[in-house]
Structure formats: C-alpha cells, structure tokens
Amino acid sequence: MATRITPKKTTKKPVKKDSGSFMSKVKWFLLKALMWFFGISLFFVVLFKFVPVPFTPLMVMRYFENKAAGKENYYSHNWEPIEKISMNLQKAVIASEDGTFLTHNGFDFIAMQKAYKSNERGRKIKGGSTISQQTAKNVFLWQGRSYVRKGLEAYFTVLIELVWGKKRIMEVYLNSIEMGDGVYGAYAATEHWYRKDASSLTMTQAAGIAAILPNPRKYKATSSSSYINNRKTKIVRIMRHIGKIEY
C-alpha cells in the first residue's frame, strides 16, 4: 500500500511594520502641510495688501448666528480708501484701542502685561490686543479664545506688519471691523450712525464710533448711554494730544 505523505503546514510569521518608515511618512506629511499653510497664508497677505478684503470670518459667523436665532440678517459693508476716511476716526481708534499703534512692531507688551495682571485679579477690562492684532484676527481667523488661535494671531500680526505696513493695516482695520449690528467698516458706520460721509466726521462723532468698539452690537454711537458718553469725552481728550499722523 502506498504511503500518503501529507505536506507539512507552515505558519506565516506576522510582518512587523517598520515604525521608522511610518514616522517618516507622518513627518513628511506634516512638513508638506506646514509648507502649504505658509504658502497660502503668505499669498493672501500679499493679495490683501493691494485688494480690498471682501468679507471676514466674523461677517460669516454673524450671518449664521442670526439665521440660527431666526433674526433678520442685516449686512452693510462698503470698502472706502483710507484717503476718504476722516483723520478724526483714525485718531479716535488709536486713542481708544491702541495708543502706541504708530510706534510698536505689532505688539504692545506693556498693555498685554497690564491686561494679564488685571484679569488675574478678576477685573473685566479690554485685552491687550493692538490694532494690528485685531486686524489679523478679523481678516484671517475666527473669534474665541485658545492658544492655537492666539499663536496664529501672532503669526499673522508679524506678517501684516512686515508686508502691509501701518497705513494699510489701519485701512483694512477701518474697513473690516464691526461697528454696529450688521455694520462693518467706516463707510457703513458713518452712514448708519450719522447719515453722512466717512470723510466728514467730527472729533465727537468719530469718538462716538470708537467708544462702542468693545461691544458694537450692545452700545450705540448716538443717543448713547452715560457710560458711552463718558468714553467719548475721554477719547476726544486723548485725540487732542495726538499730533499729525504720518504712516
């Protein structure tokens, strides 16, 4: 009788993944993502040095907020060259928001330190953000507080200081900031609050707009509360000490 020979079964050993190769792929992916981020961000910063900013993330967010709440969406925003924006308004926002705007490199570390110490004591005051930082946040980033957003804000602040310069930063700031409920920029704000042209604002009127910037959907530039009227008076007083603005 023939003997049947049964082939010996062999078990395949599991192939170990090369962890070094996997980590190299991850690092290469992250490096490419970082390069794309730098390239795209630099592209838009250079683009907006010459092209008006059509809308900001805040404008989009406000639209969806109102829609979710069932409110009517009112939106007013027109770009106005800085040459047609009253110098009084430029002085008013410097007096109100950033007294060292013309001399700092994007950051006011003294103001940031004061804000930090006051917040530690539980006081509610405005943050130490400069006009440059606010512009970087308004144009390129989302609202809210996180270390990631603050880090990106610092990155974009350095970029716009280097690429745009002070005059362009002020121009973008005054054309993109929220100045009322659904009101964005100097052109829309002066029309909304005073029914006049942005170039003809008086010191008091400009101070009225600057005074409501901490919360423009709550406060009014006209028929104001005593709190806003006091802020107007203080802003006008500071404006008188600001000399000729030269960018």
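Predicted model: local features only at pLDDT ≥ 70, side-chain atom pairs only at ≥ 80, totals over all residues.
**The whole chain**

Of the 247 residues, 39% count as buried. If a surface is displayed, its accessible area comes to about 15900 Å², with 60% of that belonging to carbon and sulfur atoms. Among contacts between residues at least 6 apart in sequence, 69% join residues at least 24 apart.

**Residues 29-51**

Select residues 29-51 next. An unreviewed UniProt entry annotates this span as "transmembrane region". In the model the span is 96% helix and 0% strand, and its end C-alpha atoms lie 32 Å apart.

Now show the side chains of W36, I40, L42, F43, F44, V46, L47, F50 and V51. Together they make a nonpolar surface patch of about 870 Å². V51, one of the residues in this patch, is placed in the loop between α1 (19-50) and α2 (57-69). Is V51 buried, partly exposed or exposed? It counts as partly exposed, because its relative accessibility is 34%, and the range for that class runs between 20% and 50%.

**R149 in helix α6**

Move to helix α6, residues 147-163, and select R149 within it. This arginine counts as buried because its relative accessibility is 5%, where the limit for buried is under 20%. To see what surrounds the side chain, display K137, L141, W142, Q143 and G144; R149 is in contact with these residues, leaving aside its neighbours within four places in sequence.

**H192 in helix α8**

Continue to H192, which lies in helix α8. H192 is partly exposed, with a relative accessible area of 29%. Apart from neighbours within four places in sequence, H192 is in contact with Y74 and V183.

**R195, between α8 and α9**

Follow the chain into the loop between α8 and α9, where R195 is found. The phi angle of R195 is near 55 degrees, a positive value in a residue other than glycine. R195 counts as exposed because its relative accessibility is 65%, and the threshold for exposed is over 50%.

**Helix α9 and its cover**

Select residues 203-211, which form helix α9. How many of the nine residues in this helix are buried? Seven are, and the helix is thus mostly covered. The buried residues are Q205, A206, A207, G208, I209, A210 and A211.

**S223, between α9 and α10**

Finish at S223, in the loop between α9 and α10. As a residue other than glycine, S223 has a positive phi, near 50 degrees. S223 is exposed, with a relative accessible area of 75%.

How values were computed. Residues numbered from 1 in each chain as written. Heavy atoms only, no water. Patch = residues over 30% accessible without salt bridge, like charges linked within 9 Å, V, L, I, M, F, W, Y side chains within 5 Å. Areas by Shrake-Rupley, 256 points an atom, 1.4 Å probe, with all protein chains shown as cover. Salt bridge = Lys/Arg side-chain N within 4 Å of Asp/Glu carboxyl O. Helix = DSSP H or I, 4+ residues; strand = E, 2+ residues; numbered from the N terminus. Buried < 20%, exposed > 50% of the residue type's maximum accessible area, 1.4 Å probe, protein only. Contact = heavy atoms within 4.5 Å. UniProt positions renumbered as here; feature names shortened; annotations may be inferred.
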